Amino acid sequence: MTSLMLSLPNGANWLGPFCSPVNSWTGLLLRRPIDMESRAAIRRGEASLLELRSYLFCRQCTLLIFLGRPWEVTQRALELMHSCVQELCLLEVPVVEGALDCWVFMSCLEVLHRIEGCCDLAQLEANRSHTVGLWAYATDKLKSLGYLCGLVSENGPQSEELNRTVDLLAGLGDEKPETVHSLQSPYKKLKQALSSVEAFERHYLELCHAAEEMYRAIGRMRSAWLVGKSLAEFYLRKGDPGRAEVFLQDALRSYLSEGWSLLVTHTRKQMAECQKRMGRTEDYLQTSVLLASDANLTIEERKHFCQEILIFANRSTDIKAPSACYPSTVQKVAISMNAFAQLMQVQFRPSTAVVHSGAALQVELHLRSLMPVAVHLEQLAVSVHFSLKQGGTDGKARETQSRPGTVLFPLGNSSVIPPSWAVAGPSLVEVQDHSPSDPRILSSAGVVCNNTHLVMRHNDSGPSTDMPSRVSPVHVAVDNGVQMLKTRDVTLLPGNNSIAFSAPSQEPGTYKLCQLCATVGHIQLVLPHISPLVQYDVYSQDPLLSVEPLTDTLLAGLPQRAKVRLETGHYTVKKGDALQLSNIDTMPILTAPSSCFSAAILDSTEELVGQCLLSIHSSEKVTRISLPPTPSHHVLEFQLEMLCVIPLGCDPPEDLGLNEGARHRLRRSSHPNEPMAIITQRMSVDCPWSIYTTPIFLTFHIPFKARHQLLSAGKRKYIQVCLQNVSGVNFRLTDLRLTETQQGPSLKLQSLNAKTQQLVCSQQSVYCVWDVGWKEDKPACLQCVFSANFAPASEKDPAFHPFNYEFQLERVMTLYTMRAEILPAAGEQHCRSGVLCGLEMSITRLVVPDDDEGKADEEGQTEEFPTTNTKLMYKVTDSSGSWAVCGRSSGLVSMPADANANHRVQVELMPLFSGHLPFPNVNVFQYLPNSASSGQPLTNSCVENNALPLPVLLDDQVDAASVPRLGSVRRTATGEQRSGGLHMPRLEPFRPGQVFNHSQGRQVLVLPSVDQHVLEMNAT
Amino acid sequence: MAVCIAVIAKENYPLYIRSVPTQNELKFHYTVHTSLDVVEEKISAVGKAMADQRELYLGLLYPTEDYKVYGYVTNSKVKFVIVVDSSNTSLRDNEIRSMFRKLHNSFTDVMCNPFYNPGDTIQSKAFDGMVSAMMVQAS
């Protein structure tokens, strides 16, 4: 019908009767199947638009109910009513104000009544979603009628409104006969509701509650809140803000949780009115703060609310008289700061947020004021929670923690995104608990949620920071006893502000910023928790004395400079304070007895503050360094020069080897960079701040490594000293000397070395050789000192420092010479591979053994022995694998005790290859028979058996590398013999140089065997 | 044509809401907010089984005396709500559908913007222009 009206040209004739003013607004009447009166009126063409549509709908309704589709009736009823209202508006039909509301209200109730009449309760309950629209519509209409007729006000209707009521009631006409006897007819309801304020309230509340309950029942919470809100408006009009607030809170909470900022603003405004009327100052102020910072409001409105706060703040200080809305309170009112200003960031200066006690620490707060105008704060304070730090409070702790100097605060509670969505989802961690006995068995497994408190929070009931009405009493930290950062008279301009505090730093410990509190008059704006955690540390540092070398390593034997660094910590160095260093003989401090040198004073950030002179006094026992006055938490630095004396004979002799030259080469190649030997010096320092002596350890490295060797050529002896520079510095050497330490020089030492200065580069060696001769007596042992002067090669004007190396050589003399010869097989000129040949050894005694040396050789045991015959053992070994020893490889030789006594032994060998083959090794040992069985004759057969326990070392390939091992075996062997009394003969190797091998290094030409190989090669 | 156009996030907070400036903005906010009840009801009524084949257009959510409220839900549960004046009876269902389709396309463009964080309020000028065009046609 509406579309017909719109599509036809204006002034269509048939529309004429419908455009007449509406005089009757009786609602729908659905109790009769056919409204005969209306039908007749329509026939006559006298029916108004409302009557026509009412009649048509009535018929539809009857049919639909017959068809069993009652729920379609409700939908069509709504459509009908909406379009009727629209059409009357379109046709510009004059209608008394409120008449249509009456019509809609009554029609709604009639439809509902009709449907209730034909359905049972269960059906009705199940189809609330269809009927609730009608309920809400009726409620709406009754409300607007109430406002129209002045029924919703504290004072009751005015005369004009009463007139309007009378007009409206007149248009209702008489009650239809069908409903006269029904007590709850729509007609009666409307009439009653319009007749008095109380009746209206009863009916309106009844409808409202019904609609709200239905909405809730079908889960349309938002609609229910909206009904609640209109109820709140009603109560507010009636002057009952208490009840209104309950509904507003409900709605506000939901709007907040869903993030509808405009609705929140609107609801808050109503709420503010409620709270103002109820005189709930705290809540009202809190809401005002929220509104003043609300971007949805105009600047004027915001200023208004801001002004309200400021008025309260000032009024309660000035006037003590109670006013209607601001009850006088002596106590300060604490409200949340969240909406007033946001803490953006906290910045520490210095940015480490760690200072020593008493130092200046600046804390800068960046606050964003959300107020529309500048607000003067009387005081801005941050309460600080102080806790003693666990563990040490010394300076070392400061490296362990490092915090950023700037803490940024996330903008959590902006009103655009509701807090519940800003929270991240649950953060889950998988947990598996393994059985302690067997880690393969899983005893339990689970999932742990780390942020249950956020995830599990109920959306509706959870306390929200934005909830103004439920202001949990903001706890203000008590002023006394708690440390505070304070500034007075700050003006917060709208937008970003930065406020600097100087933080307390007297006591060492950790300071945590807890609460931010701004005071405006009698209002305290409190930020109850500052999160994330903001804290700074104050440490107390004990004075710290350290000595650091200026170079990478301190070298012994040379004057070295070291930096003495004194961190004063909490101690203030006064005039007259001095460091007392106890002198050490091996490490003198190189200063003139009383001299001055300069020291630098640095502040805690390592910046040079000043320089001053230090005086130093040395006495016999102590060196006293008087310190300049230095403030606490500064650093005093000066340099000391000291020398570490290289001890004598620092290397243990390692001369057990047999083949010296080879051994040396081997060591060199395997250890190209030998570590330097280390001397640790302990310096004791008496400091003025402590009764205890401070020990300081300095490590010096010995730059040289010396080794000695005895070299022999027949009877002649040479001493070789190898000096290796193991440091990283090049040195110049002069004055290489070898001297005897025994009383009365018995040796003639002839140097075979260069006389000039020598350069030893880093990691290189210098070899020096002396020819040793003796005057008359042949000394049993040689005690020598090698000395050299050295200076760093880089010095222009070198000051040379001594290096000494003491060593001792024993059993120096050559006792035997051994000469080996390889004889080809009989009739051959040369040896052939694969053909047996002979090795003839000739051992010659050079010295008569009943001299001192002979006795010294036999180590006392042999003294009981008749020294006539000395038993030697020879052993032929071949390390190169080019010889096969056939038959006996070792045997005993009994040497007569005459000088030049000679013994020849022959051993059969077979060369395995052809070419110039080196001679096999022939080793000679001293054979010591056991003491107990001294009388027993030793037969060759029993010794020559290789299965004897003694050849442990014989079977061993006597190699240069195994020399130390050989020594150790020997030692354990003697130990066993002594303790266990094992009567075993043993072997004693000779010292190097005691047996001179003439055939060392000789080679023999071996020809290939008969040319079978050549034939084979041709065949292939 | 339309008097109010709203885009509502999956979590039911407004991503974008704009109404004809001459009328009470607050009223539209309430209307749109309340309409979410019906949107949710309609989504859940379609049921879990048919969720895939569900039509995005939800049709008329509810009529009021002055306005008709239409709804549309994307597959990612973002809701579009268009409020149309009741007196504007010339509007057919098809036209509403095409408006929603346009809205959806424009919304997709917004989401494709690499500088847009999903969940933020929409501040795109292109989107704004498109919405304005839909509202201007009414006058």
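The questions and answers below concern a predicted model.

Me: How many helices and strands does chain A have, and what share of its residues is buried?
Reply: Chain A has 25 helices and 43 strands. Among its contacts with a separation of 6 or more, 73% join residues 24 or more positions apart. Of the 1020 residues in chain A, the buried share is 47%.

Me: In the open sheet of 5 strands in chain A, which strands stand at the edges?
Reply: The order of the sheet is β36-β38-β34-β32-β42 in chain A, and the pairing is mixed. From one strand to the next, the twist averages 30 degrees. Two strands have a single partner strand each, so one side of each is left without a neighbour in the sheet. These edge strands of chain A are β36 (883–886) and β42 (995–997).

Me: Is strand β12 (residues 523–527) of chain A largely enclosed or open, and how many of its residues are buried?
Reply: A:I523, A:L525 and A:L527 point one way from β12(A), while A:Q524 and A:V526 point the other way. Residues on both sides are buried. The strand is therefore largely enclosed by the rest of the structure, the buried count being 5 of the 5 residues.

Me: Which residues of β12(A) are the bridge partners of A:V333 and A:T519?
Reply: Strand β1 (residues 333–336) of chain A runs parallel to β12(A), joined by 4 bridges. Strand β11 (residues 509–520) of chain A pairs with β12(A) in the antiparallel sense over 5 bridges. The partner of A:V333 is A:I523, and that of A:T519 is A:Q524.

Me: Which residue in the turn of the hairpin formed by β11(A) and β12(A) has a positive phi?
Reply: The two strands of this hairpin have 2 residues between them. The phi in question is about 55 degrees, and the residue in the turn is A:G521.

Me: What span should helix α3 (residues 49–66) of chain A have, and how far apart are its end C-alpha atoms?
Reply: Buried residues in α3(A) include A:L49, A:R53, A:Y55, A:F57 and A:C61. After α3(A) comes A:G68, with a positive phi near 75 degrees. The helix has 18 residues, which at 1.5 Å a residue should span 26 Å. The end C-alpha atoms agree with this, being apart by 26 Å.

Me: At the start of α1(B), which backbone nitrogen does a side-chain oxygen of B:N24 reach?
Reply: Helix α1 of chain B covers residues 25–46, 22 residues in number, and its first and last C-alpha atoms are 32 Å apart, close to the 32 Å expected. The side-chain oxygen of B:N24 comes to within 3.1 Å of the backbone nitrogen of B:L26.

Me: What area is buried between chain B and chain A, and which three residues supply 30% of the area that chain B buries?
Reply: The contact takes 27 residues from chain B and 29 residues from chain A. The area buried is about 2400 Å², and carbon and sulfur atoms give 62% of that area. More than any other three residues, the 30% on the chain B side comes from B:Y30, B:H33 and B:E65.

Me: Is A:N725 buried or exposed, and which backbone oxygen lies 3.2 Å from a polar atom of its side chain?
Reply: A:N725 is found in strand β25 (residues 716–725) of chain A. With 0% relative accessibility it falls under the 20% limit, so A:N725 counts as buried. Residues in contact with A:N725, leaving aside neighbours within four places, include A:P703, A:F731, A:V760 and A:Q763. The backbone oxygen at 3.2 Å belongs to A:V760.

Me: Which loop holds A:Q763, and what is its relative accessible area?
Reply: A:Q763 is not a glycine, yet its phi is positive, about 65 degrees. A:Q763 lies in the loop between β28 (758–760) and β29 (765–774) of chain A. A:Q763 is partly exposed, with a relative accessible area of 24%.

Me: Where does A:P350 lie, and what is the omega of the peptide bond from A:R349 to A:P350?
Reply: A:P350 lies in the loop between β2 (341–349) and β3 (354–356) of chain A. The bond from A:R349 to A:P350 is cis, with omega near 0 degrees.

Notes
Residues are numbered from 1 along each chain as its sequence is written. Chains are lettered from A and ligands numbered from 1 in the order in which they are written. This is a predicted model: local features need pLDDT of at least 70, side-chain atom pairs count only at pLDDT 80 or more; totals for chains, interfaces and linings use all residues. Side-chain values use heavy atoms; hydrogens and water are left out. Two strands pair if DSSP finds at least two bridges between them. Axes are lines fitted to C-alpha atoms, for helices over the stretch in contact, and angles run from 0 to 180 degrees between N-to-C directions. The expected span of a helix is 1.5 Å times one less than its number of residues. Buried means under 20% relative accessible area, exposed over 50%, partly exposed in between (1.4 Å probe, protein chains only). A polar contact is a pair of N or O atoms within 3.5 Å; within protein, one must be able to donate a hydrogen and the other to accept it, and residues adjacent in sequence count only if both atoms are side-chain atoms. Contact means heavy atoms within 4.5 Å. Buried area is the accessible area (1.4 Å probe) that two parts lose on being put together, summed over both.
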